[in-house]
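Here is a friendly note to read with the model open beside you. Take the points one at a time, and find each residue on screen as you go.

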Amino acid sequence: MASKELAEVDINPFSPESQIIEKTKRFSTPEERTTVSGYTESLRRNGYVIIERAISGEKVKEVCDEFDQLHKGLAKGSSEFGGFQTERLYNLVARTRVLDELLLHKEVLAIIESHLDDQIQLSISSSVNLLPGETAQAFHRDDGYYPLARPHEPLSVNTMWAIDEFTAENGATLIIPKSHLQADDHPAADATIETAAMPAGSVMLWDGSLFHAGGSNRTEQARLGITNIYCRAWLRQQENQFLGVPPVEAKALTRPLQKLIGYWVANNFLGYLNESSPSLLLKD
Ligand SMILES: O=C(O)CCC(=O)C(=O)O
């Protein structure tokens with residue numbers, strides 16, 4: 001067999017060859033997962049981990065410039081949870097190519113695949129621009145829409161990219177370490193709250209069960225973050241990626257990005273069409 005890519009395209013998902021290949025597909029290699037084992041261990045133990053300066057200063061500027069444009073004329077939030085002084089934009093895979101490097105960041109994907117020990121996909125990609133005067137958000141978990149008894153196996157991992165430096169003053173994400181392991185539906189009254197301060201270009205990864213909240217912005221500048229949530233490939237995605245990026249648009253994406261948003265066969269039988277990989281739909 002020439003390669004896993006070829007196999008994915010050419011082999012009927014019911015074939016014995018496909019049965020072997022499909023379940024083993026990952027974005028990261030075993031070596032890459034070994035390299036990030038220190039980060040993965042922190043994520044497992046504390047529920048979060050930060051990789052400082054995971055992208056270059058040039059990339060940060062590129063993202064910043066792009067979102068200056070994309071956010072132009074955007075209405076502020078209209079709910080307490082979303083934030084009345086917050087700008088948010090969704091369906092980012094359809095809107096810009098500037099985030100591809102972040103979405104497919106090698107270390108990030110290796111940590112997530114280690115933590116979930118499974119095939120993964122993008123659940124949602126959005127921007128969160130906290131404007132001056134924004135107040136702190138309520139503590140919440142990102143995996144609340146998967147109705148399982150807690151604590152449960154990890155189902156998703158959120159990533160928050162600091163495009164501006166995140167500080168205690170400008171609304172850096174607030175987290176409750178180890179709360180991903182707790183059964184209660186609310187943070188403990190005496191929970192220790194930490195502020196995820198990090199330099200621009202850094203990324204924080206957290207388990208979907210970790211209690212967290214956007215902080216309050218008490219500065220005169222906005223705080224831009226990009227949040228990409230990844231989940232097990234057999235779960236429903238938060239954002240409907242197939243409507244957000246229909247085949248005619250998905251054709252233009254790199255194959256890894258097509259897969260990340262769900263254009264592949266996961267776990268042998270999930271997502272095929274007419275006995276073949278959806279990647280056939282993306283061929284001219
Ligand atoms: O902006 C942040 O730091 C966190 C935002 C968040 O958790 C959310 O909007 O659900």
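Which residues does Ile112 touch, not counting residues up to four places away in sequence?

1. **A starting point.** Ile112 touches Ile120, Val157, Leu205 and Tyr230, leaving aside residues up to four places away in sequence. Here, touching or being in contact means that the C-beta atoms of two residues, placed from the backbone, lie within 7 Å.

2. **What you are looking at.** This is a predicted model, in which local features need pLDDT of at least 70 and side-chain atom pairs count only at pLDDT 80 or more, while totals for chains, interfaces and linings use all residues. Residues are numbered from 1 along each chain as its sequence is written.

3. **The core.** Ile112 is also one of the residues with the most contacts inside the largest nonpolar core, together with Tyr48 and Leu205. That core has 57 residues. The largest share of the core, six residues, comes from helix 8, residues 106-116. A nonpolar core is a set of buried Ala, Val, Leu, Ile, Met, Phe, Trp, Tyr and Cys residues joined through C-beta atoms within 7 Å. A residue is buried if 20 or more other C-beta atoms lie within 10 Å of its own, exposed if 12 or fewer, and partly exposed in between, with C-beta atoms placed from the backbone. Helices (H or I, at least four residues) and strands (E, at least two) are DSSP runs, numbered from the N terminus.

4. **Helix 8.** Helix 8 is mostly covered, with nine of its eleven residues buried. Among them are Val108, Leu109 and Ile112, but also Glu113, Ser114 and His115. The cover over these buried residues includes helix 3 (30-35), helix 4 (37-46), strand 3, strand 4 (156-162), strand 7 (203-207) and strand 9. Just after helix 8, Asp117 takes a positive phi of about 50°.

5. **Helix 5.** Helix 5 (residues 57-70) has 14 residues and reaches 20 Å from its first C-alpha to its last, close to the 20 Å expected at 1.5 Å a residue. The expected span is 1.5 Å times one less than the number of residues. Which residues of helix 5 are buried? They are Val60, Val63 and Phe67. Seen down the axis of helix 5, its buried residues fall within an arc of 65°, so they line one face of the helix. The arc is that of the directions from the helix axis to the C-beta atoms. These buried residues pack against strand 3 (120-130) and strand 9 (223-232). On the other side of helix 5, Glu58, Asp65, Asp68 and Gln69 are exposed.

6. Ile50, in strand 1 (residues 48-51), is partly exposed because 19 other C-beta atoms lie within 10 Å. Ile50 touches Ala196, Met198, Ser202 and Met204, not counting residues up to four places away in sequence.

7. **A leucine in helix 11.** Leu260 sits in helix 11 (residues 255-260) and counts as buried because it has 25 C-beta neighbours inside 10 Å. The C-alpha atoms of Leu260 and Tyr230, 30 residues apart along the chain, are separated by 8.9 Å.

8. **Backbone details.** Most residues other than glycine have a negative phi, and most peptide bonds are trans. Arg53 has a positive phi near 45° and is in the loop between strand 1 and helix 5. Asn91, with a positive phi near 55°, is in the loop between strand 2 (86-89) and helix 6 (92-95). A cis peptide bond, with omega about -10°, joins Arg150 and Pro151. Pro151 is in the loop between strand 3 and strand 4.

9. **Around the ligand.** Which residues are around the ligand? They are Val128, Met160, Thr173, His212, Gly214 and Gly225, where near means that the C-beta atom, placed from the backbone, lies within 6 Å. By class, this shell has two nonpolar, four polar and no charged residues. Ala, Val, Leu, Ile, Met, Phe, Trp, Tyr, Cys and Pro count as nonpolar, Asp, Glu, Lys and Arg as charged, and the others, Gly among them, as polar.
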